[in-house]
Amino acid sequence: MKLEELVEQFAANVAAQTDAIWKGDAKTGNKHARRYSAAFDKLRAHGDAGRDALAVLLKHPRMDIRVTAAACLLRHRTAEAKAVLEEASKGEGLIPFEAQQALQRWEEGTWALDPA
């Protein structure tokens with residue numbers, strides 16, 4: 001599968017998870033979370049080329065997709081990812097909270113979405 005297709009799968013499943021959460025459908029949300037996590041694992045298997053492919057989502061129009069991609073890319077694209085998370089964390093609601101939590105875990109040294 002092409003890197004671009006994996007990136008598309010990642011984005012589509014992040015969006016679908018968010019939509020399911022807003023509808024109160026945790027089961028469907030969890031299904032999509034597993035799918036975007038699997039897409040990220042496949043991207044990581046391609047090394048930095050896979051991570052770089054995911055970085056295009058740091059500029060995605062949907063905040064949930066930007067934030068999730070940034071959380072995954074903190075180790076590889078630290079400055080860019082932190083900037084996305086810091087901007088998103090200024091708001092209120094679920095997605096800004098997720099951004100705040102990712103930043104907090106990073107600062108604590110407990111973040112482990114993409115270990116070296």
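1. Helices (H or I, at least four residues) and strands (E, at least two) are DSSP runs, numbered from the N terminus.

2. Residues are numbered from 1 along each chain as its sequence is written. This is a predicted model, in which local features need pLDDT of at least 70, side-chain atom pairs count only at pLDDT 80 or more, and totals for chains, interfaces and linings use all residues, while side-chain values use heavy atoms, with hydrogens and water left out.

3. On confidence, pLDDT is the predictor's confidence in each residue, from 0 to 100. The protein chain averages a pLDDT of 96, and 99% of the residues score at least 70. Among the elements of the chain, the lowest mean pLDDT, 96, belongs to helix α6 (residues 94-108), and the highest, 98, to helix α4 (residues 63-72).

4. The next point is the core, where a nonpolar core is a set of buried Ala, Val, Leu, Ile, Met, Phe, Trp, Tyr and Cys residues joined through side-chain atoms within 4.5 Å, and buried means under 20% relative accessible area, exposed over 50%, and partly exposed in between (1.4 Å probe, protein chains only). The largest nonpolar core has 33 residues, of which F10, L54, L57, L58 and L85 touch the most other members. Two or more residues of this core come from each of α1 (3-22), α2 (26-45), α3 (48-54), α4, α5 (78-88) and α6. Taking contact as heavy atoms within 4.5 Å, and leaving aside neighbours within four places in sequence, F10 is in contact with Y36, A39, F40, L54, L57, T68, A69 and C72.

5. Helix α1 deserves a paragraph of its own. Its 20 residues reach 29 Å from the first C-alpha to the last, close to the 28 Å expected at 1.5 Å a residue, the expected span being 1.5 Å times one less than the number of residues. The buried residues of α1 are L6, V7, F10, A11, N13, V14, A15, Q17, T18 and A20, and what covers them includes α2, α3, α4 and α6. After α1 comes G24, whose phi is positive, near 80°.

6. Q17, which is found in helix α1, counts as buried because its relative accessible area is 16%. Leaving aside neighbours within four places in sequence, Q17 is in contact with G29, H32, A33 and Y36. Of these, H32 is 15 residues from Q17 in sequence and 5.2 Å from Q17 in space, C-alpha to C-alpha.

7. I65 lies in helix α4 and counts as buried because its relative accessibility is 2%. Apart from neighbours within four places in sequence, I65 is in contact with A11, V14, A15, L57 and H60. I65 and T110, which are 45 residues apart in sequence, lie 22 Å apart in space, C-alpha to C-alpha.

8. K27 has its place in helix α2 and is exposed because its relative accessible area is 72%; its C-alpha atom is separated by 9.6 Å from that of Q17, ten residues apart along the chain. R34 is also found in helix α2 and is exposed, with a relative accessible area of 56%; the C-alpha atoms of R34 and F10, 24 residues apart along the chain, are separated by 10.0 Å.

9. The last point is the largest pocket. On a 1 Å grid over the protein atoms alone, a pocket is an open set of points where a 1.4 Å probe fits, with protein on both sides within 12 Å along at least five of seven lines, and lining residues have an atom within 4 Å of a point. About 340 Å³ of space lies in this pocket, where grid points are joined across faces, edges and corners and a volume is the space filled by probe spheres set on the points. Its lining has 20 residues, of which Y36, T68, A71, C72 and L113 lie nearest its centre. At least two lining residues come from each of α1, α2, α4 and α6, and α6 gives the most, with six residues.
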